[in-house]
Amino acid sequence: MRWKNLLGVLLATSMVAGSLVGCGSANSALGGGSADAAEKDTIKIGSLEDWTGDYATIGIQKYHAAELAVEELNKNGGLLGKEVELVAYDCQSDTTKYQEFCKKLVQDDQVDVIMGCMSSACREAIRPYIEENNALLFYNNQYEGGVASHNVFCTGTIPEQNCEVLVKELLDQGNTSFYTIAADYNFGQIMTQWVDKTVVENGGVVAGEEFIPLGTSQFESTIQKIKDADPDVLVCELVGTAQASFYEQFLKSGIEDITMASTVQIVQSYDHKTITAPALGNMYVTGGFVEEMADYSDAAKEFVDMWRAKYPEEGGVYMEGEIEYTGIMLWAKAVEKAGTTEVEAVIDALESGEISVESAAGTVTIDGATHHAIKDIFLILCDENHELHVENEIDAVEPYWLRDELKIDLRVESPNKQYTPIDE
Amino acid sequence: MSLFGILYQFSDSFTFLILAALGLAIIFGMMGIINLAQGEFIMVGAYATTIIINQGFPYPVGILGGALAAALLGFVMDRLIISHLYQRVLDSVVATWGISLVLSEGMLQLFGPSMQSVSMPLGSVSIDGSKYSVYKLLLTLLAIGVVILIYLLFTKTEFGRKARATMQSRDISESLGVNTKAVYSETFVIGSALAGLTGALYAPTMTITPTMGNNFMVQSFVTVMCGGANPILGSVLSGGVLGLVNSTLSVTISAFFGKIGLLIITIIIIRVLPTGFTGLIEKTGARRRR
């Protein structure tokens with residue numbers, strides 16, 4: 001009867017595993033936060049990123065970016081004459097850790113702003129708490145768009161920026177039919193909706209779509225269906241390291257003449273460096289920044305050199321690392337304009353439409369009505385040798401969806417919820 | 001889709017299940033130890049293979065190296081920890097779970113969050129007007145080969161006889177002069193080597209990360225559970241049935257339903273056949289003999 005035991009044991013261990021990990025985390029904090037927060041002789045930036053676990057590739061980048069930004073701020077005399085301090089916790093790619101450490105940052109460390117979150121799941125897990133306590137969250141990460149919250153500013157690229165540009169550029173190149181495979185959770189599903197919507201509105205054809213469970217690493221059935229549909233363009237919105245296994249298997253399936261496209265791969269987690277060439281050959285991506293842009297602009301080169309000098313061992317700095325850095329700079333600008341770190345005053349400053357930063361990825365401006373960023377989008381081609389080329393630059397792409405289609409103006413009233421094109 | 005296409009989908013699914021489960025099945029079936037570090041042994045095999053191939057060695061050397069690395073790790077783990085826990089199912093679960101955490105976090109510290117993977121060798125072949133990956137086809141043949149080899153090992157060799165005797169009754173085997181501790185040790189090393197081999201074989205198809213072992217865990221556990229006591233027969237039968245359900249649903253609906261279907265059929269199987277496929281075979285065999 002051993003295999004019966006096996007089932008029981010499996011259940012028991014998964015429960016024990018959950019609870020043990022839960023209690024182990026309380027002392028895993030590394031932040032240098034001093035307890036006497038009441039005195040406030042420093043300005044504190046909280047950071048919630050994943051240094052370990054599934055999202056570590058991006059999380060470590062973002063944490064390092066925050067370190068670098070704080071160092072730069074202090075080098076230039078701090079903020080409002082005070083030193084800036086980073087209080088950072090490792091959220092271990094675990095949503096419950098985000099909730100736990102978010103409370104700690106707000107209650108114990110009393111930080112002035114929180115920079116962080118990688119997946120939409122962890123952002124949505126802490127957003128209610130941020131709103132209830134009138135704290136301030138900068139979500140510096142590409143996501144599916146639609147967050148309309150008084151207390152949250154989203155500086156990463158959103159679908160009306162990356163998806164639209166990507167699909168329109170590929171349609172301009174003469175492609176007509178699009179097949180999308182996407183990670184099976186809100187991000188992937190909403191991105192797919194945006195792809196389909198843009199394709200149809202611009203005269204293209206949707207050849208098919210499939211949502212892939214997170215953690216899937218074997219793709220033969222998916223590849224078979226793509227083969228049968230035979231599209232011009234395969235849009236890949238795959239997330240996580242397991243799903244990145246798709247490309248090598250797709251390459252070796254012998255399919256040719258399908259152009260690949262993505263807003264996730266390469267720009268987020270430098271897959272062109274971890275996946276052996278030419279699996280990502282002939283893939284177009286859109287996004288805000290890749291470190292190869294050092295050859296493209298001086299601002300990018302300066303940023304990449306600064307990064308390399310501090311983190312020579314690290315795999316590289318890409319879109320999310322860059323935007324974390326820029327997010328902190330945007331917040332710092334707003335603090336200087338407001339003359340205080342008090343949350344309402346800083347939000348007022350951010351909503352003025354005057355908070356703008358010349359970043360490594362071009363000009364980034366906070367749009368007051370939507371709390372999102374107006375930014376430059378780059379169309380990047382990954383060639384057979386996995387070298388990246390900037391093919392096109394579209395300047396000052398607006399985060400228009402919440403403002404123009406849903407008529408939301410956060411300066412007037414905040415619904416404090418996330419909208420998706422699915423509820424329309 | 002052509003007939004070969006359907007067969008290809010099934011064999012791909014079957015191969016993954018069998019290879020993921022075999023090491024776990026042997027350690028569990030023979031020793032009664034539930035190795036929760038199975039996924040991490042697979043991960044270690046994949047890392048070793050990737051490193052060796054990236055050094056410029058040919059694929060067969062890398063794959064062998066992956067299996068050997070995991071076998072070595074299995075040997076060390078057995079001497080240090082597992083050998084003290086023979087016949088202690090629950091304790092072994094906690095201990096191997098601890099080993100799995102140490103291995104995956106240790107790998108993260110050693111090599112960082114990801115590693116440059118190696119590409120899949122051998123390109124593609126055109127059959128019936130559609131193209132298929134040669135390496136994936138080869139994997140199926142290799143999986144069948146491994147199963148046959150393990151079968152021969154446990155039925156035709158001196159070690160196999162001792163191992164099966166130990167599995168049936170440890171006390172009687174000991175009284176007949178079998179060194180059961182040595183048998184357990186060797187079994188654990190063989191199970192570890194098989195896990196390493198799985199990692200080695202799948203390394204070229206996957207992204208190499210410290211958590212990659214998790215991708216195998218669900219599949220390997222459900223296959224062993226449905227298989228029942230006999231590690232080889234059970235794994236093959238449950239790999240066949242689960243693979244059929246998984247590939248059919250994946251191709252006709254989506255990968256999501258393939259995964260759900262795999263779990264639902266597992267629930268049904270352990271409800272209807274609480275002793276797994278092995279139990280069913282033994283029961284019908286006994287009935288026929290009567």
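Okay, ground rules. This is a predicted model, where local features need pLDDT of at least 70 and side-chain atom pairs count only at pLDDT 80 or more, while totals for chains, interfaces and linings use all residues. Residues are numbered from 1 along each chain as its sequence is written, chains are lettered from A and ligands numbered from 1 in the order in which they are written, and side-chain values use heavy atoms, leaving out hydrogens and water.

Next to look at is α11(B), residues 255-272: its axis and that of α10(B) come within 7 Å and cross at roughly 150°. Axes are lines fitted to C-alpha atoms, for helices over the stretch in contact, and angles run from 0 to 180 degrees between N-to-C directions. So α10(B) is roughly antiparallel to α11(B) (over 145 degrees; under 35 is roughly parallel, 65 to 115 roughly perpendicular, the rest oblique). Residues making the contact (heavy atoms within 4.5 Å) include B:L242 and B:L249 of α10(B), and B:L262 and B:I269 of α11(B).

Over to chain A. Helices α2 (residues 56-75) and α10 (residues 298-310) of chain A pack at about 100°, with axes 11 Å apart. They are therefore roughly perpendicular to each other. Among the residues that meet are A:H64 and A:L68 in α2(A), and A:F303 and A:W307 in α10(A).

Another pair is α3(A), residues 95-107, and α4(A), residues 120-132: their axes come within 9 Å and cross at roughly 35°. A:Y98 and A:C102 of α3(A) and A:A125 and A:Y129 of α4(A) are among the residues in that contact.

Which residue has a positive phi although it is not a glycine? That's A:C117, at about 85°, in the loop between β3 (113-116) and α4 of chain A. And the peptide bond from A:A277 to A:P278 is cis, with omega near 0°; A:P278 lies in the loop between α9 (271-274) and β11 (283-287) of chain A.

Methods: Helix = DSSP H or I, 4+ residues; strand = E, 2+ residues; numbered from the N terminus.
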